[in-house]
Amino acid sequence: MPQLLHRRGPIPLYTQVKEHLRARISGDEASDASRLPSERELAKELGVSRVTVRQALRELIEEGAVFTAPGRGTFAVSARLAPATGRLTSFTQEMIDRGIAPSSRVLAADELVDAHLAEILQVHEDTPLVRIRRLRLGDDEPVAVETSVLPAELCPGIATLDLETRSLYETLRTIYRLRLHASELVVESRQAEWGTAGLLHIAPDSPVLFIERRTLLADGRIAEFVRSWYRPDRYQFRMRLAL
Ligand code: 16G
């Protein structure tokens, strides 16, 4: 049993195992080593019973620090769903990078004219816009609801394309030959409204990670303005800053 576990101390053994695992997960954050050893391996390594390990893992799952994928093992959440640092990436790419199968359900796709959205996209207020609202899933579990708004002239007819199985960004790149260049975004905590909560399979008013993001083309035009509601237990937003 490692020195750090105290059998006769006031702190229950499973709590000590839990904290040990939590420290281990955060130590692994810089690498891709997100998979935890099996219950049996951990019990042997830490010199405790499997029941103790199971209880520690159950609490870490409840806290959203780890998750189990049937038949594949237990994984650290941060390493699973955190976006690659500093890279302009898409939901599809983020999921694939983490060995998760991405999919989407298109909830709505329409054209509109909206002066407020036009101002955000820095186009004339009469400019036709296209709005695509999707439920984003990872391994068939809801992860986020996203509403993207784009100037229609950049991607004519996009609302009629299949965006359930295809990546929006891939479509912008390959079909419309748009070179996405950079993004600016704001992340904040919000409460899920009734409709969003239902789509995400969480209780109304549960906390969600709300992200607003504008993505620019190399020539400075804004290609997309998106509002996203992410389940915080399934997605973490992480970034690395350097001097
Ligand atoms: C990400 C972007 C979203 C973009 C989507 C494209 C954030 C908060 N959102 O989810 O703006 O529309 O990727 O995903 O980063 P796709 O190419 O898989 O459709």
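Leaving aside neighbours within four places in sequence, which residues is Thr74 in contact with? They are Ser34, Arg35, Leu36, Leu57, Val66, Phe67 and Thr68, where contact means heavy atoms within 4.5 Å. Thr74 is found in strand β3, residues 73-76. Strands (E, at least two residues) and helices (H or I, at least four) are DSSP runs, numbered from the N terminus. Thr74 counts as buried because its relative accessibility is 11%; buried means under 20% relative accessible area, with a 1.4 Å probe and protein chains only.

This is a predicted model: local features need pLDDT of at least 70, side-chain atom pairs count only at pLDDT 80 or more, and totals for chains, interfaces and linings use all residues. Residues are numbered from 1 along each chain as its sequence is written, and side-chain values use heavy atoms, with hydrogens and water left out.

Now turn to the ligand. Arginine side chains reach ligand oxygen atoms through an N or O atom: at 2.8 Å for Arg134, 2.9 Å for Arg136 and 2.7 Å for Arg213. The protein covers 100% of the 460 Å² of accessible area that the ligand has on its own, by the Shrake-Rupley method with a 1.4 Å probe.

How values were computed. A polar contact is a pair of N or O atoms within 3.5 Å; within protein, one must be able to donate a hydrogen and the other to accept it, and residues adjacent in sequence count only if both atoms are side-chain atoms. Buried means under 20% relative accessible area, exposed over 50%, partly exposed in between (1.4 Å probe, protein chains only).
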